[in-house]
Every structure is written in C-alpha cells, then in structure tokens.
Amino acid sequence: MSPESAIAGLVADRLARRGAGDPPLVLGLCGAQGSGKSTVAARLAARFGGSAVLSLDDLYRTWAERQRLAREVHPLFATRGVPGTHDVALGVRTLAAIARGEAVPLPRFDKAIDDRAPMDSWPMAPDRCALVIFEGWCVGARPQAEEALAAPCNRLEAEEDGQGIWRRHANTALAEDYPALFDRLDMLVLMTPPDWPTVLRWRTQQEEALRRVRGDGQGVMDAAMLARFVSHYERLTRHIWSEMPARADLCLRLDEERNLIL
C-alpha cells in the first residue's frame, strides 16, 4: 500500500460523513523535508475531485520581511523555514476564504528567487472545493517546553544561536501565532522517516534533481550549504517525531525509499 492510499481511505471515510452544506475537510499533512509530501498531496488531489492543495512553504514571508527579522531579531531568520518565517495571516485568510466556498488564489513562493511569486501567477482554488490538503514540514506542530530549548541540538545552534534567541523566538511564534492556522485542521497525518540522516539524504536528492533542471546557481545549494540549511529544521522535526504521534489521526512510517512500512 502506498502512503497516499493509506491516507485516501481515511479521507474518504471523513468526507462521507460530511453534509452537503459543510465546509471543506482540511487535511494536515506533516512530514520532514524530502519525505514526498508534495507528491502525496498531488495524488490525493487527483483522487478527490474539487480539491485544493496549499503548502506551508508557499506561505513564507517575503525576502524583505525576513531580512527585517534578521536585523531586528536574529540573523538566522534570513533563512526561510522555522516558525516566524511564515505569513500566518495569509494562510488564515486563504483557508477562511476556501471555507466560505470562494475560488480564492492559492499563494505561491518561488524558491529560485527566495521570494513570493507575483500574485497574478497564483492558481485558484476550486469553487466550493470539498477537500483542502495543507502540507508542510511542521504543519500541526506544537511548541516545545522552555527547558527543552536550553541546550543546542546541533552545530548550527551551538555556533550561531549560542544564547538561544533564534530558537526561543521561533518557539514563541509557534505557540502564539500558528494555532490560528493549525486549529483549522480537521485531521492530521504524520509521515516519518527512519532517522534524521535520511532527511538530509532525501533533501540532497531533491537538490540534485533541481540542479539537473537549473544547473549550478539559480538558488541551487551545494553539499555544505544544504547541510547547514537542513540544520535549521532539525530541532522542531525531532520534537514533532516525539510529540505528534500520540495525537495525529494517522502516522505513517516510511523506509529509506519513501515506501510505507506496514
């Protein structure tokens, strides 16, 4: 059984319980970088007509906004990724409009330029869609306890966030801002890899595929840049793996080839 087949069974059951006038079902799909969330989301949308796919990655703040955060809060906020670098209000507005049955533009972020794509290029959500698939690496995440933030979890934090300003600010944003977005989820699915090194391997595969398309440059990272980039995500990813399984509607364990472990 494929990951999307396992999820589709649960989605079909939930959709069957909804009345004709009910708002769309909002599925939260959480998974580490490179785990295949976008592929699974696209396949689910193909299975269920009238679906909209929204990615947390497409809600990143603009380059200028993240530069301001880097100046005013901590330099690490120049890099997109952790809570605090997303435009939560944009996500809330988008999901609210979809819930009202509107054919709303779905935000898009252009990673090649590290900035939001022009609004006239955003696709439209289907009018009166039945299913919203909201996918992202920390969709549905909850904050860590304060004491868990004391010690750095990797070299990036030890060398560039020694006082914990960056990780504490991100954790506070997750606690205070993101519930307005994540509370809109009707169900939550978590996809987990075998271990943390697998995340870097998967993300490296993605970058290699991007390099084949774009060549070097054009926003493509080399091995050292990629390892540092992924380190931004390690703390919260590990926390998600330990905290989310107890409350997710479905947990899918993947092998190194992204196949479902039954």
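**Close-up 1. Glutamate 234 and arginine 238 in helix H9 of the predicted model.** Being four residues apart in helix H9 (residues 223-243), glutamate 234 and arginine 238 are separated by about one helical turn; helices (H or I, at least four residues) and strands (E, at least two) are DSSP runs, numbered from the N terminus. The two form a salt bridge with closest N and O atoms 2.8 Å apart (a side-chain nitrogen of Lys or Arg within 4 Å of a carboxyl oxygen of Asp or Glu). Glutamate 234 is buried at 8% relative accessible area, while arginine 238 is partly exposed at 40% (buried is under 20%, exposed over 50%, partly exposed in between; 1.4 Å probe, protein chains only).

**Close-up 2. Arginine 155 and glutamate 159 in helix H5.** Their salt bridge has its closest N and O atoms 3.0 Å apart. Arginine 155 is exposed, at 63% relative accessible area, and glutamate 159 is exposed, at 55%.

**Close-up 3. The salt bridge of glutamate 146 with arginine 168.** The N to O distance is 2.7 Å. This pair links distant parts of the chain, 22 residues apart: glutamate 146 lies in the loop between strand E5 (131-136) and helix H5 (155-160), arginine 168 in helix H6 (residues 165-176). Glutamate 146 is partly exposed at 46% relative accessibility, as is arginine 168 at 26%.

**Close-up 4. A salt-bridge network.** Glu157, Asp161, Arg167 and Arg235 are linked in this network. The structure holds 19 salt bridges.

**Notes.** Residues are numbered from 1 along each chain as its sequence is written, and side-chain values use heavy atoms, without hydrogens and water. In this predicted model, local features need pLDDT of at least 70 and side-chain atom pairs count only at pLDDT 80 or more, while totals for chains, interfaces and linings use all residues.
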